[in-house]
Each structure stands twice: as C-alpha cells, then as structure tokens.
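Here's a quick briefing to read with the model open. Take a look at the fold, then work through the notes below.

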Amino acid sequence: MLEQAVPSADAPGRESFGSRLGAAMAARGPLCVGIDPHPALLKNWGLDDDAAGLRRFSLTVLEAVGSLAAAIKPQVALYERHGSAGITVLEELLAEARDEKVLTIADAKRGDIGSTMAAYADAWLRDDSPLAADSVTLSPYLGFESLRPALDLAAETGRGVFVLALTSNPEGASVQHVGGADSVARRITQSAAAENRRYQGSLGSVGLVVGATVGSALSELDLDLAAVRGPLLAPGLGAQGATPADLRTTFGAAYPQVLGTSSRDILSAGPEQRGLRDAAQRTLDGLRGE
Ligand SMILES: O=C(O)c1cc(=O)[nH]c(=O)n1[C@@H]1O[C@H](COP(=O)(O)O)[C@@H](O)[C@H]1O
C-alpha cells in the first residue's frame, strides 16, 4: 500500500509551537517553571487559600521567572479547586504570560472521546478562548487517535500538546510499561513521532511527557525519543527526587529535546522574587551543566 503524503501542518503565516519553543530553549535554556499554588505554599508565603492569594502567588512567580524560563506550566487543578474565581485567575495569568512573551503549558491532562475532546481543544488551543495557552498536556489512555481534535487544532493555530508517555509517579509503570517489547509507552512514542512528520524544522509541536524519575525505563522499553522529534517535558526535578544530572543520564541522545520542569522546589523559595529567581537560576544552571 502506498504511504499517503502527509501535508505540512505549519499554519500559514504562523510559526509552529515546536519552532517557538525551540527558539525559547535556545535563547533562555531548557527550564520550565511549574506554577502549582498548593495550599501549604500559599500559607508559607503568608497568603490566604483563596482567589486573592492565588492571584498574588501566580503573578509573583510570573514576574520573578518570566524572563528566565522558556515556559511556565500552571497546574490547572490548583486553580479549579477555587471554582470560577480560580479559573478567572488562571485566565489572567495566561494573558499576562502572553504579554511577557513567555510560553505557557496548561497542565490540564485532558483526554476523552473525540467529540468531547473537540471541546477541550477549543478551551485550551483556540485563538479566541479565554483559556487559550501555547500548549496543553493530554492523556492518551482513551487511545492516541482520540486526541485528534487537539492535534489538528494545535497545528492550525500554531499551538502544541504534550502527551503523557512515561509519567514521573511510581504507579505509572503499571499501565505504561505493559506489553514488553511493544509497550503502551512505545506505542505512544511512535504515534507522536508519526504526528511530528507533519512539521518542518527540527522540533515538531507534539511533545511527550517523560518523567525525570524514570531511570533506566527508556532503554528497558527500547524507546527512541530522539526519533520523536518533539519536545520532551520532564517533570520530577527537585520535590520528586530527580536532579538535572539524572536527566542527562536518563535521556542520553534525546537530551537536547528535554525541557526540565520543576514546581515545588522553586516555589518554596518564595515569596521574595529574588529567592524565586535564584532558585530557578540554580535549576537552569544545572540543566545547562554549569
Ligand atoms: O504533566 C505533568 O506536568 C506531570 C506529569 C508527570 O508525569 N508528573 C508530574 O509531576 N507532572 C506535573 O508536574 C508537576 C510536578 O510538581 P513538583 O513535583 O512540585 O515539581 C505537577 O504539577 C504534576 O502534576
């Protein structure tokens, strides 16, 4: 059977997310700062666990690290727990980040049947949505192809996605490692690689989430992450025990694609901007091998 030619997904007149993220990583280095306003952090910062505290926390982090990080990653759950007032704060944070010209990854981990997925795609990836981010995290456990509406809308609007492949938590292996040589994680990796053939340039807009804590799993599962040609979002630095040096060992040849992300470890250095910035800079230096 003839393989169908895959048209370029680069939206006319728009730079793709992969290209924009690649440029940000080249200019600033491979750090993403996670914005996870946990109740305990709000308390330590002397803030109330309400929408006003959430707003102060979020905008302080953005101001402190917005010119240093390649991306910020607000954890949507920690805004949702405040109801509509929390979502309003998230909308404001995403808009401010756009003005500050720092890329955003909405950590929403969405995944559903295609018809519902189209609505999630509209929420996070459509130009005129109040929650539009540069990219969103997706869960592929209803089948990679169920993510189609988000994959296509991201391509159309110059945005990106990060699909869970090997998560940083110890329980992830019970699903993601299943299948041996033909593991679930390997299937997801291959699907992302196929999807990135639509994109020109060195980095496609379909990224994967691969935990900084996964150790030898990449070689055990025979995953070729360099071949994915997408950004690799690596959470698990700091609070979950991984170090920047671990990332180099774990990812090997794919390390240039890695965007290390850290939340609590950096956020616990607040509320002073200087402390936040120094903590982010230390992590960034480690990721650069300095
Ligand atoms: O998609 C994610 O970002 C993610 C995937 C994963 O495998 N593990 C993981 O920790 N995360 C998220 O990354 C952040 C990690 O936070 P810290 O452990 O405080 O750095 C949290 O918001 C998690 O939800």
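Which residues does UniProt list for "domain: Orotidine 5'-phosphate decarboxylase"? The unreviewed entry gives residues 30–279; UniProt positions follow the numbering used here, feature names are shortened, and annotations may be inferred rather than shown by experiment. Residues are numbered from 1 along each chain as its sequence is written. This is a predicted model, with local features needing pLDDT of at least 70 and side-chain atom pairs counting only at pLDDT 80 or more, while totals for chains, interfaces and linings use all residues.

**Confidence**
- Mean pLDDT (the predictor's confidence in each residue, from 0 to 100) is 95 for the protein, and 96% of its residues reach 70 or more.
- Residues 1–9 sit below 50, and beyond near neighbours in sequence that stretch has seven contacts in the model (C-beta atoms, placed from the backbone, within 7 Å).
- The model's scores are ipTM 0.99 and pTM 0.96.

**The barrel**
- Over residues 30–279 the chain is 42% helix and 17% strand, with the end C-alpha atoms 15 Å apart; helices (H or I, at least four residues) and strands (E, at least two) are DSSP runs, numbered from the N terminus.
- Eight strands close into a barrel, running β1-β2-β3-β4-β5-β6-β7-β8 with parallel pairing (two strands pair if DSSP finds at least two bridges between them).
- On average, neighbouring strands of this sheet are turned by 30° against each other, direction ignored; axes are lines fitted to C-alpha atoms, for helices over the stretch in contact, and angles run from 0 to 180 degrees between N-to-C directions.
- Helix α13 (residues 273–288) packs on the sheet, touching β1 (31–35) and β8 (258–262), and its direction makes about 145° with that of β1.

**Around β5**
- β5 (residues 160–166) pairs in parallel with β4 (residues 135–138) over four bridges, T137 partnering F162.
- β5 also pairs in parallel with β6 (residues 206–210), over five bridges, and there L166 partners V210.
- Seven of the seven β5 residues are buried, so this strand is largely enclosed by the rest of the structure (buried means 20 or more other C-beta atoms within 10 Å of a residue's own, with C-beta atoms placed from the backbone).

- In α7 (residues 148–157), A150, L151, L153, A154 and A155 are buried; their cover includes β4, β5 and β6.
- Just after α7, G158 takes a positive phi of about 70°.
- The largest nonpolar core has 85 residues, and C32, A150 and V163 are among those with the most contacts inside it (such a core is a set of buried Ala, Val, Leu, Ile, Met, Phe, Trp, Tyr and Cys residues joined through C-beta atoms within 7 Å).

How values were computed: Two residues are in contact if their C-beta atoms, placed from the backbone, lie within 7 Å. A residue is buried if 20 or more other C-beta atoms lie within 10 Å of its own, exposed if 12 or fewer, and partly exposed in between; C-beta atoms are placed from the backbone.
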